[in-house]
Amino acid sequence: MMAEQGHRQGERAWDPLVRLTHWTIALAIVLNGFLVDGDALTHIWIGYTAAGLLALRLLWGLIGPENARFSSFPISLSAASRHIAGLTRGEHKEHRSHNPLGALMVYALWAMLLLVSVTGVMLESEPFPEHEGEYSQHDEDDDEDQGAEIIEELHEVSANLLLLLAALHVGGVVLESRLSGRNLVRPMIFGDKS
């Protein structure tokens, strides 16, 4: 079998930590998005697990192997546009890590997961502690209720946007797999490039 554009057969595309964080976060998104009640303690612990794994993956983007590092998949709108244009013309360029469009999706998913996590933690703590002094107790309660409602709404909207981005991600992987003639899921399961 011929190796693809400079990649040796059996070369690692994704190390075990990248694959573990990817699939565990994906499972957490599915569980909390579709199966677990939002008020359940399980929902909270799944959210904490996803947030912890996101933190680990972000750290790995700084200290991990080359393909896992942020420098191997920088954000570039112009490169993403060229990538889309090339795919529509039937051209495919091999990338050592994420392609430019995939890189944009990765950062969008991480940013949305971070927002979901932060707002979720805020909902489970006291983000608006009681004020002493100039406000009456009634005003404090109203401010807390209003603040909590805003955080809850932001959590729900960002969670729905995360689900939408995840669906677009899956669709993009399927589409690019078809257009490029390469199975993009296999390397994320087994780690090998070819």
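Predicted model: local features only at pLDDT ≥ 70, side-chain atom pairs only at ≥ 80, totals over all residues.
**Entry 1: the largest pocket**

Which residues lie nearest the centre of the largest pocket? I found H22, H98, M105, H169 and V173 there, out of 47 lining residues. Residues are numbered from 1 along each chain as its sequence is written, and side-chain values use heavy atoms, with hydrogens and water left out.

I looked up what "pocket" means here: on a 1 Å grid over the protein atoms alone, a pocket is an open set of points where a 1.4 Å probe fits, with protein on both sides within 12 Å along at least five of seven lines, and lining residues have an atom within 4 Å of a point. The volume of the largest pocket came out at about 1,300 Å³; a volume is the space filled by probe spheres set on the points, which are joined across faces, edges and corners.

Next I checked where the lining of the largest pocket comes from. The elements giving two or more residues are α1 (16-35), α3 (77-88), α4, α5 (137-180) and α6 (185-190). Helices here are DSSP runs of H or I with at least four residues, numbered from the N terminus. The largest share belongs to α5, with 13 residues. By class, I have 30 nonpolar, 11 polar and six charged residues in this lining. For the classes, Ala, Val, Leu, Ile, Met, Phe, Trp, Tyr, Cys and Pro count as nonpolar, Asp, Glu, Lys and Arg as charged, and the others, Gly among them, as polar.

**Entry 2: the second largest pocket**

I moved on to the second largest pocket, which holds about 710 Å³ of space. It has 27 lining residues, and N32, H43, V116, H155 and A159 are the closest to its centre. The elements that give this lining two or more residues are α1, α2 (41-63), α4 and α5. I noted 14 nonpolar, nine polar and four charged residues in the lining of the second largest pocket.

I then looked at H43, which sits in helix α2. H43 is buried because its relative accessible area is 16% (buried means under 20%, exposed over 50%, partly exposed in between, with a 1.4 Å probe and protein chains only). Leaving aside neighbours within four places in sequence, H43 is in contact (heavy atoms within 4.5 Å) with N32, V36, D37, G38 and H155.

**Entry 3: L115**

I found L115 in helix α4 (residues 100-123). L115 counts as partly exposed, since its relative accessibility is 32%. Not counting residues up to four places away, L115 touches L154 and S158. From L115 to H155 I get 7.5 Å, C-alpha to C-alpha, although they are 40 residues apart in sequence.

**Entry 4: aromatic rings**

I searched the whole structure and got seven aromatic pairs. Rings of Phe, Tyr and Trp (its six-membered ring) pair if their centres lie within 6.5 Å; planes under 30 degrees apart count as stacked, over 60 as edge-to-face and the rest as tilted. F70 and Y107 make a tilted pair, at 6.3 Å centre to centre and 45° between the planes. This pair joins F70, in the loop between α2 and α3, to Y107 in helix α4, 37 residues apart. F70 also pairs edge-to-face with W110, at 5.9 Å and 75°.

Buried or partly exposed: which is W110? I have W110 down as buried because its relative accessibility is 14%, and F70 as partly exposed at 21%. F70, F73, Y107 and W110 form one aromatic cluster.
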